[in-house]
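Student: I have a structure to go through. Can you help me set its values against the definitions?

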Amino acid sequence: MNGRNMAPGAQAPFPWRPFASLAGVLVLVYGTWLLAFWPGVLGEDSLAVLLEIEHPADRHSGKPALWYWFVRLCYEGTRRVEVPISILMGLAVLVFARILAWYWQQGLRKSCVALLILVCATPHMVYFAGTLYPDGYYAIAVAGLLFELWVAVRAGRMGTAGLLVTAVTLPFAAFARPNGIIFLVPVAIALLWVDRRSRVWISVILVVNTAICCLFYTHGDA
C-alpha cells in the first residue's frame, strides 16, 4: 500500500519486505567492512574505557556512565571488543533500514535510494558506526529518535516499530553524551500530540531508561 493514499493521521502496515531487503543490503555492507577491519576501530577514548574496565582502580576515562556501562556489559564477559562494536553496527542497521523502509512505503523511491547510497552506506558513515566511540551511534540514535517522534506526531500515534526504535535510540541519544539531555525535550513535546496508548508506552520507555541511567550513575560515573 502506498503511504500517499493513506488518510491523514493514519498509519500503513509496517513495510516488512522493504525493511528486510534494505536491512539485508546494509548488513552486507556493514558486515563486509567489519570483517575487513576486524575487530573494528579503536581510538584513544575507546582504549581509555577499556583500560578503566580492566583496571578500575587506576584508570578514569571521563565518559558518561551509560556509555561506560554499555561497553563494560558487552565487553567484560568475553574480552572481545567486536561484541559492543557489532551490537552498535546492528542497531545502526536497524535505525537506517527503518527510515529507508518508511521512505519506500511512502512512494519516495528515489529519495530512499539516494539516502541509502549517499548517507547510510557511505564509507565514512560505515566507519563512523564501526568505531567504539559514543559519537558514532549517538548521531545515528538522535536521527532515529527524532524521525520516530516526527512520524508519531504526524500520525497522532506511535506504532510498534516506532516504539522499538525509540527504545533503542532514546538512551544513547539522551544519555550517551552530556549534551544529549536536550533531546528529552522533543520527547516531552511529542507526548502532547499522540494518543493515550502511545503516550503510555513512550512514557514507560522514558521512565525505564532514565531509571537505568540513574542506576548506572549511582554505581560510578565513568
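**Reading the model**

Tutor: From the N terminus on, the elements run α-α-α-α-α-α-α-α-α-α. Keep in mind that this is a predicted model.

Student: How many helices and strands are there in the chain?

Tutor: The chain has 10 helices and zero strands.

Student: What makes the chain as compact as a globular protein of its length?

Tutor: Its radius of gyration is 18 Å. The globule rule gives 17 Å for 222 residues. The two values are close, so the chain is as compact as a globular protein of that length. Along the principal axes, the C-alpha atoms fill a box of roughly 60 × 40 × 25 Å.

Student: What share of the contacts with a separation of 6 or more joins residues 24 or more positions apart?

Tutor: Such pairs account for 75% of those contacts. Take one pair of residues as an example. Ile212 and Leu66 are 146 residues apart in sequence. In space, their C-alpha atoms are 8.6 Å apart.

Student: Where does Ile212 lie, and why is it called partly exposed?

Tutor: Ile212 lies in helix 10, which covers residues 196-218. Its relative accessibility is 37%. Buried needs under 20%, and exposed needs over 50%. The value for Ile212 falls in between, so the residue counts as partly exposed.

Student: How many disulfides does the structure hold?

Tutor: It holds zero disulfides.

Student: Why are Cys112 and Cys213 called buried?

Tutor: Cys112 has a relative accessibility of 1%. Cys213 has a relative accessible area of 3%. Buried means under 20%, so Cys112 counts as buried, and so does Cys213. Over the whole chain, 46% of the 222 residues count as buried.

Student: What about the surface and the charges?

Tutor: The accessible surface comes to about 11200 Å². Carbon and sulfur atoms hold 67% of it. The chain has 16 positive and 11 negative side chains. The centres of the two sets lie 19 Å apart.

Technical notes
Residues are numbered from 1 along each chain as its sequence is written. This is a predicted model: local features need pLDDT of at least 70, side-chain atom pairs count only at pLDDT 80 or more; totals for chains, interfaces and linings use all residues. Side-chain values use heavy atoms; hydrogens and water are left out. A disulfide is a pair of cysteine sulfur atoms within 2.5 Å. Buried means under 20% relative accessible area, exposed over 50%, partly exposed in between (1.4 Å probe, protein chains only). Helices (H or I, at least four residues) and strands (E, at least two) are DSSP runs, numbered from the N terminus. The radius of gyration is taken over C-alpha atoms; the globule rule is 2.2 Å times the number of residues to the power 0.38. Contact means heavy atoms within 4.5 Å. Accessible areas come from the Shrake-Rupley method with a 1.4 Å probe; for residues, only the protein chains shown count as cover. Lys and Arg count as positive and Asp and Glu as negative; His and the chain ends are not counted. The place of a charge is taken as NZ of Lys, CZ of Arg, CG of Asp or CD of Glu.
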